[in-house]
Amino acid sequence: MPYPFQIQTRSDYDQQYAKSIEDPIGFWSEIASHFKFSKKWDQVLSWNFKEPRIKWFEGAKLNITENCIDRHLESKMDQPAIIWEANDPLENERIITYKELHQTVCEFAAVLKRHGVQKGDRVCIYMGMIPELVIAMLACARIGAIHNVVFGGFSAQSLIDRIQDAQVSCVISCDGAFRGPKTIELKAIVDEALLQCPTVKTQIVYQRTHSKINMLEGRDFWWHEELTKINSLHSVSTAPEPMDAEDMLFILYTSGSTGKPKGVVHTCAGYMIYACYSFVNVFQYKKKQIHFCTADIGWITGHSYIVYGPLCAGATTLLYEGIPTWPDPGRLWDIIDKFQVNILYTAPTAIRSLMSFGETWFENKKLDSLKVLGSVGEPINEEAWEWYSEHVGHSNCPIVDTWWQTETGGILISNLAGVTPQKPSFATLPLPGIQACLVTDDGQEISEHEIDGFLCIKFPWPGMLRTTYGDHERFRKNYFDRFEDLYFSGDGAKRDENGLYRITGRVDDVLKISGHRIGTAEVENAVNSLEDVTESAVVGYPHPIKGQAIYAFVIYNGTNSNYEQLKAGINEHIQTHIGPIAKADKIQIVKGLPKTRSGKIMRRILRKIACGELHELGDTSTLLDPGVVDEIIANRII
Ligand code: PRX
């Protein structure tokens, strides 16, 4: 039996799309009727992009964990909900059935309650890729606490920013995390951060690596010890907290073009429906299939397509602790064969990196269980697409190129595997309910094909963000100010003669480094905070594996003349402020930066220099000091 809202054919897609535009209220309320609500909504949608205000299914009551777990108990009690593969191939896998997931989530929810965590409290989760991370998220959702997962690769300073901004009261962490050959000492990083986070009263620590750590009495508690206290009290079945449809489900921080990362807020009902609807349709998930998304749960892809989308659909989701290239670049193929994975969802940067190791890593790997392949996070180049299709999919699996964002909650533009057309490096068509458009610089809608435009959405969809935490005005300015009555994505795109979208990349100061989203302003702030740095400008340039890499132009007035030392020092500083993902591949020490007469750095010129497009610099005569450009070009790092 297919899912009731699963699109089966191209004409079905056309019909559903048309219906979703003509009657969005009827369309979404029909889909919502397949979810579990303890009280039905009074109104499907109220919205206004000017204020902005977006509310879906107001008046309804639900708990997402009932949809992700409880409602599957009858028919799928013993079906694996989560299959976990450890970092080390010699360590045993763990299989967690829906029944066990229910049990462990209820128990851990009781632990949180016992520690005073209440509905609406913010809980920061900073863990490696282990089932307890999923359990912690679901336990928060069970009791109505708002989770704020922070990627384990972020530094103490990033953690401080995210904990302080969300006024977190409880942190859930691990002693450490295994990632390839490395052990990341997570607890030590949290301890450093908490020195500056007075709102945090409790930390619950899961023991994973057995690293030696310090536990602060009265604040830090071991996960396993807390569980025993709960179990000895009663058999645990923590009741799901009835949540309003528009109550916050989670906050996830992401980079913008200015200032510090912003807390993207997703709410209970709309996010749930959209994550599940898009999962079932894009990947064409069939019951009992095994879905493997390689993203980290610290990013939105992990939230929507490891945790909420698959679990809501009653799927089996595979969680892998390690990295694709360790202990060798055949690791993902081994995992696929071991568990007979049906759907693989990964990032172009991972594909390109595996490509660089050659095809010998496919020897003795069958990969014949695969039915669908997916790509996410950045544009996928044709060469990587073809390689993915041929060597991983044996030219037998559709590839879905899924365009979306932290803000969108789920996939907005993508082919539906095997149902709608695919085209290498094209995200193709919007999902039903998604009114995408391209506009010119002055907001005029573009109807012709092959014209570059700004990618916008005209109408709300249930999975969209509702605000940026603690700063609604920033939300308005970021997404609704540039073009009237449109959600602006920050991406550029064009359409071919068949209306298929090709995403060309960010048109703002946001970079995509190995698929990780990083704001140039964040990196500049980190570099500028270094003593002896007067100013800096950071831009991206194309990189064969990472997609984009960082080029930093730095005005340095210190005395160290050893370039390699200086570069290492700057990168170390970036690592402490943000994390290793934001390190610069190229750092050029400059005397001055190209600025307009009003003092604004002309990043456009620096971008061209970094990309080697020296003949396309445009008019530099309006610069305050055009001479700096010649100096920068002369010392350009190639
Ligand atoms: O530039 C687009 C790029 O990733 C951005 C969103 O990043 P983030 O919020 O971290 O979410 C990543 C996972 C959804 C977008 O603005 N992007 C994402 N998917 C694609 C993409 N660019 C091209 N093609 C894609 N399929």
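In the predicted model, Lys494 stands opposite Arg502, a residue of strand β25. This position belongs to the pairing of β25 with strand β24, which spans residues 487–495. The two strands run antiparallel and are joined over five bridges.

Both strands are part of an open sheet of four strands, arranged in the order β21-β22-β24-β25 with antiparallel pairing. The edges of this sheet are formed by β21, residues 436–439, and β25, residues 501–506, each of which pairs on one side only. On average, and with direction ignored, neighbouring strands of the sheet are turned by 45° against each other.

In total, 17 residues surround the ligand, and the closest are Asp401, Thr402, Thr406, Asp491 and Arg517. Classified by residue type, the shell comprises six nonpolar, five polar and six charged residues.

For Asp401, a polar side-chain atom lies 2.8 Å from a ligand nitrogen atom. In the case of Thr406, an N or O atom of the side chain is 2.5 Å from an oxygen atom of the ligand. A distance of 2.8 Å separates an N or O atom in the side chain of Arg506 from an oxygen atom of the ligand. The ligand taken alone exposes 540 Å², of which the protein buries 97%.

Conventions:
Residues numbered from 1 in each chain as written. Predicted model: local features only at pLDDT ≥ 70, side-chain atom pairs only at ≥ 80, totals over all residues. Heavy atoms only, no water. Pairing = 2+ DSSP bridges. Axes fitted to C-alpha atoms, helices over the stretch in contact; angles between N-to-C directions. Near = heavy atom within 4 Å. Polar contact = N/O pair within 3.5 Å; in protein donor to acceptor, adjacent residues only side chain to side chain. Areas by Shrake-Rupley, 256 points an atom, 1.4 Å probe, with all protein chains shown as cover. Nonpolar A, V, L, I, M, F, W, Y, C, P; charged D, E, K, R; others polar.
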